[in-house]
Amino acid sequence: MTTRSENGPAARLDAADRLPGARELRALSYDLLGGAESVVDVGCGAGRAVAELAERGVAAVGVDRDEGMIALARSRWPHADFRTGDACRLPLPDRAAGGYRAERLFHELSDPAGALAEARRVLVPGGRAVLVGQDWDTLVVDSDDPALTRTLVHARADTVTAPGAARAHRALLLDAGFRDVTADVRTLVLTGPQALPVLGSLARAASAAGAVGRERADGWLAEQRARAEADRLFAAVPMFVAAGTAPPA
């Protein structure tokens with residue numbers, strides 16, 4: 001049986017998980033958890049990270065507020081632990097986890113400070129928090145029309161709750177009292193047709209927001225398809241990674 005989440009957001013998450021460099025980025029986030037034996041993955045989506053952490057011997061719990069996503073995750077990984085819950089009200093007791101991980105989540109949150117206060121609550125003293133996210137204003141796309149490209153990128157960013165959340169990860173962790181905070185940037189470089197779903201979503205969202213007409217957006221996307229066919233497509237997605245350690249009790 002196919003759930004409603006097999007289409008739409010789930011398909012976009014699956015496409016993002018398959019982008020060149022995405023697997024290595026997830027592996028980096030797992031390493032930054034510092035060997036935590038129990039981890040809560042917040043905003044877990046369809047559950048890939050929870051399954052990969054389990055393969056590393058980690059007792060991982062996936063939490064997502066979307067019941068459809070949780071149903072899909074349970075269907076894909078029936079032996080894993082998935083729970084419906086909000087980032088600011090995690091379904092876990094105090095000090096239940098040695099690690100907290102959130103990927104592509106904080107740009108959706110209206111209260112990131114509240115989410116990190118909740119991270120502090122569920123983490124053991126010395127536990128690790130890792131945040132991974134895209135800065136929506138810094139998507140780079142080669143195009144014959146750079147002015148239109150800028151318009152599309154920023155129009156798409158304007159549809160996001162907090163498009164610049166990723167650049168604030170380090171400050172958010174520090175403000176929440178985390179120690180030994182580190183920040184890094186890893187760039188996903190896309191040069192082939194696997195980038196087209198990302199660019200198609202960009203064009204459609206900008207058009208739907210009224211930033212450009214449908215015809216101009218479709219023309220821009222047609223150029224990108226032609227570039228992909230000629231092996232001339234280039235897009236880069238900077239991903240910001242921050243990590244910190246919860247203070248002693």
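**Close-up views of a predicted model**

View 1. Glu118 sits in helix H5, which runs through residues 112–122. Leaving out residues up to four places away in sequence, Glu118 touches Ala87, Cys88, Arg89 and Leu90.

View 2. Rolling a probe the size of a water molecule over the atoms shows where empty space is left. Searching the whole structure turns up one cavity of 30 Å³ or more, and the volume of the largest cavity comes to about 40 Å³. Its lining is made up of Arg104, Leu105, Phe106, His107, Val132, Gly133, Gln134, Ala165, Ala166 and His169. Which strand gives the most to this lining? That's strand S5 (residues 123–134), with three residues. By type, the lining residues split into five nonpolar, four polar and one charged.

**View 3. Helices H8 and H9 side by side.** Two packed helices are described by the angle between their axes and the distance between the axes. Here, helix H8 (residues 196–208) packs with helix H9 (residues 214–229) at an angle of about 170°, and their axes are 9 Å apart. That angle is why H8 counts as roughly antiparallel to H9. On the H8 side, the contact is made by Leu196, Leu199, Gly200, Leu202, Ala203 and Ser207. Facing them from H9 are Arg214, Ala217, Trp220, Leu221, Gln224, Arg225 and Ala228. Sorted by type, the residues of this contact come out as eight nonpolar, three polar and two charged.

View 4. Follow the chain out of H9 and you'll find Asp231 in the loop between H9 and S8. Buried or exposed? Asp231 is exposed, with a relative accessible area of 54%. Its backbone is worth a look too: phi is near 60°, a positive value in a residue other than glycine. Most residues other than glycine have a negative phi, and most peptide bonds are trans.

**View 5. Arg95, another positive phi.** Arg95 isn't a glycine either, yet its phi is positive, at about 55°. You'll find Arg95 in the loop between strand S3 (81–84) and S4.

**View 6. Ala236 in strand S8.** Strand S8 (residues 235–245) holds Ala236, which counts as buried at 8% relative accessibility. What does Ala236 contact, setting aside neighbours within four places in sequence? The partners are Thr138, Leu139, Val140, Thr187 and Leu188. As for Gly114, Ala236 is 122 residues from it in sequence and 31 Å from it in space, C-alpha to C-alpha.

**View 7. Arg76 and Ala46.** Arg76 belongs to helix H4 (residues 67–76) and is partly exposed, with a relative accessible area of 29%. Arg76 and Ala46 are 30 residues apart along the chain, and 7.8 Å separates their C-alpha atoms.

How values were computed:
Residues numbered from 1 in each chain as written. Predicted model: local features only at pLDDT ≥ 70, side-chain atom pairs only at ≥ 80, totals over all residues. Heavy atoms only, no water. 1 Å grid on protein atoms, 1.4 Å probe; cavity = no way out; pocket = protein on both sides within 12 Å on 5 of 7 lines; lining within 4 Å. Points joined across faces, edges and corners; volume = space filled by probe spheres on them. Helix = DSSP H or I, 4+ residues; strand = E, 2+ residues; numbered from the N terminus. Nonpolar A, V, L, I, M, F, W, Y, C, P; charged D, E, K, R; others polar. Axes fitted to C-alpha atoms, helices over the stretch in contact; angles between N-to-C directions. Parallel < 35°, antiparallel > 145°, perpendicular 65-115°, else oblique. Contact = heavy atoms within 4.5 Å. Buried < 20%, exposed > 50% of the residue type's maximum accessible area, 1.4 Å probe, protein only.
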